[in-house]
Structure formats: structure tokens, C-alpha cells
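Please view the sequence and structure before reading on.

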Amino acid sequence: VFAQPAQLSGSGVAPARVSSPTTSAASTSEDEPETLPSKEKTADGSISLGQQIMWNSKAAMVRYIGDVRFAKGEWLGLELTDGKGVHDGSVLGVPYFQCPAGKGVFAQPAQLSGSATVADAPVAVGSAARMAMSAMAPEDEGPTTLPSKDKTADGSISLGQKVMWNGKEASVRYIGDVKFAKGEWVGLELTEAGGVHNGNVMGVAYFECRAGKGVFAQPAQLSGSGVAPARVSSPTTSAASTSEDEPETLPSKEKTADGSISLGQQIMWNSKAAMVRYIGDVRFAKGEWLGLELTDGKGVHDGSVLGVPYFQCPAGKGVFAQPTQLSGSTAMPASAPATATVPTVVVAVAAGDEGPTPLPSKEKTADGSISLGQQVAWKGKKAAVRYIGDVRFAKG
């Protein structure tokens, strides 16, 4: 698990415990995490902490108002009075509020209705948000969806249109911005199974479909009636597809920024032989990344991540890594000067199937209260500290 220093207790740990008049349901025992402080009201003043509201035609109480680490903007943590939620007030290990498991959901103010929530909000809420409010589900059909555009920016794809994605027939259910990546995205409901979600990604409901039928793609990845995507063609594109059932891959660089690793080069990753199939930027993290096809051993994907095809390889043979995690002929990066002190964790390549090379860790937290390897208590459970530092899924 991941936690922040203030959530831990143990020998030598003296966390600055959160105490605020706006903190909801402060914990009183070790097995309940301290919740983050909440605002008293939303920015437009229409919704208050503790207020009874309606979400997707279900009664709920507002338990948290403020910023979250999984998306931008102001969000509300709700405890459903009845009906099924998603969590217990904690998301990605961050406790925003506390409620019984399966009773907690997050929503944005425009998705709610109730006393003062609709009547007082029109001036502050834009037209797109009012569209979301008007689309309230009448029954238990799923969360209120975000408003969609009618067409893509280039006009080639329309809402409701039948398209082909990776050789599978699908209907366009959403067009617009998303909170998990940049750019214009298209939400699809596959005619047959083989999708990833139900239209809801990271707690945000873009559209509704059956579980395992939803995927997201960018316009250029789709084909169908009226769809004329600008297909990617570049001398550095690896294995360009020649049939409808193979997505077009993004263009790759020929070499890494420091010139130490080339496209097509044989390298070693976690003591496994692999070939470099992609070099460049990715949409799921910052920095320069390499897409690898493992010669043997188990990978994670087929070269596509979150619906973006970076390269193509058999399912379960693809992984992504950064240059410093690789070794092989001329593959040791030259980006760090010879005199630089490289963290020892970076070069501790696993000798077997123990997982990928870990990122370097700090020795202590910023306040010095917690050390690497220290025994601590988290939510009433004993744990050993294995990593201290920045992560890519949240700030801090």
C-alpha cells in the first residue's frame, strides 16, 4: 500500500495529525485513518458539508468538499443513504472521509440536486454543467454522465455513430475532454465484450454501458462510416498496421535523448531479454519512456496502454521502462556524468522474476520522522517502509 507520513504511527513517528474544524469524522482509534480537512461549502456556496442531497436519484450526505488527488477541480465526497457506492471514503489510499465500505462516491457539484443545490447554482454553473444536471438518471442506471460534444473537432465522428476500433464494432457514446489524459477522446461501447470499463473511469462517469464493454480511444484510432482519420505515417513508426484489426502505432524516435539506446536494439530488462519497440513520450507519465517486447518472460500488455497503441507485440509481452532501468549492449545511459552519484536502488536489477527494477527511494521523509525499513503501523496493521518519495499517481 501507499500512504502519506501523517497516516502512519510507530517507533520514532510523530506525524502532524490533521485537526481542523472542517475535518469530517476525525478518527479516534488506530484502525481508522485520519481524514483530510474539508471545506464548509462549495466555491459557489450552493452545497454545504453535511447537507442532504440527491445523486443519481439516490439520497446522500455530503461528507467532503475540496480538492482531490485523482482529478482536477472541486469534488464532493458523498455517503449514500441507500444504494450502492464505490468505496469507503478513501481513494488510492487517501482518506477523504469515512463511511461504510461500498457507500462512498465522489461527484462534482453540477452532478447533484437537493435543497439549495439546483436553485442557487445557475449563475455560477456553466451551460455544460447544467446539461449534466439535466441528465439525471431516473433509476439505478448508473451515475450521471458528463455532457458530450456532438462531433469531434474535425467533424469526422458523431455521437452515436458506428465505428471500428481495433477490429471491433463500437458505438460512439462520448466525445470530449477526459480527466485521465490530454486531448480529445472518444468513449466507445463495444458491440461485443473486450472492453475495459462501464463508461466510468477513476470515478468519473463519461457515459453508461455494461461492464467490460467500454473503452476510450482518440479519433485517429477509429475507422467507419464517415471517419477519415489522419493516419500516422512516419519513417520511425514501428510495424505499421495493414489491416483493420491492428491499430496504427504512434511514431517512435530512433534513439533515446542521450543516444545510448536505439529502436530495435536488444537489451536486458529485469534480467529478461527484450527488444526496444518504442522510444518517446507517453500519455500515462512524464519523461522519456521505452516500449519493450520481451523475448521471454511475462509482460503486461500488447504495446497499447489506456487505448493508445505505442507499438505492437503479442499480448502479455509488452512493458514500458525508463532508460535507467535497462542494461545491454551500449544501453547503459550516459545522461549522468561519470562522477555523479547514482542511487544504488537504480542499479539493483532483479536477478529473477521478482518484478521490475524499483525507483530510487529517499532515506527519510522530509520531516525526518520516518526512515526506510522502519516498522510502522498503518490503519492498525503492521508494515515496513519500503519506499519514500514522489509517485506518479498523486502529488506530495
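Predicted model: local features only at pLDDT ≥ 70, side-chain atom pairs only at ≥ 80, totals over all residues.

Residues are numbered from 1 along each chain as its sequence is written, and side-chain values use heavy atoms, without hydrogens and water.

Strand β23 covers residues 375-378 and strand β24 covers residues 381-384; strands are DSSP runs (E, at least two residues) numbered from the N terminus. The two strands pair in the antiparallel sense over four bridges, pairing being defined as at least two DSSP bridges between strands. Within this pairing, A377 stands opposite K382 of β24. Two residues lie between the strands of this hairpin, and K379 in the turn has a positive phi of about 55°.

A cavity is a set of points on a 1 Å grid over the protein atoms alone where a 1.4 Å probe fits but cannot get out; lining residues have an atom within 4 Å of a point. Volume is the space filled by probe spheres set on the points, which are joined across faces, edges and corners. Two cavities of 30 Å³ or more are counted.

| Cavity | Volume | Lining residues |
|---|---|---|
| Largest | about 40 Å³ | F180, A181, W185, R283, F284, V305, L306, V308 and Y310 |

The lining of the largest cavity has eight nonpolar residues, no polar and one charged.

Methods:
1 Å grid on protein atoms, 1.4 Å probe; cavity = no way out; pocket = protein on both sides within 12 Å on 5 of 7 lines; lining within 4 Å. Nonpolar A, V, L, I, M, F, W, Y, C, P; charged D, E, K, R; others polar.
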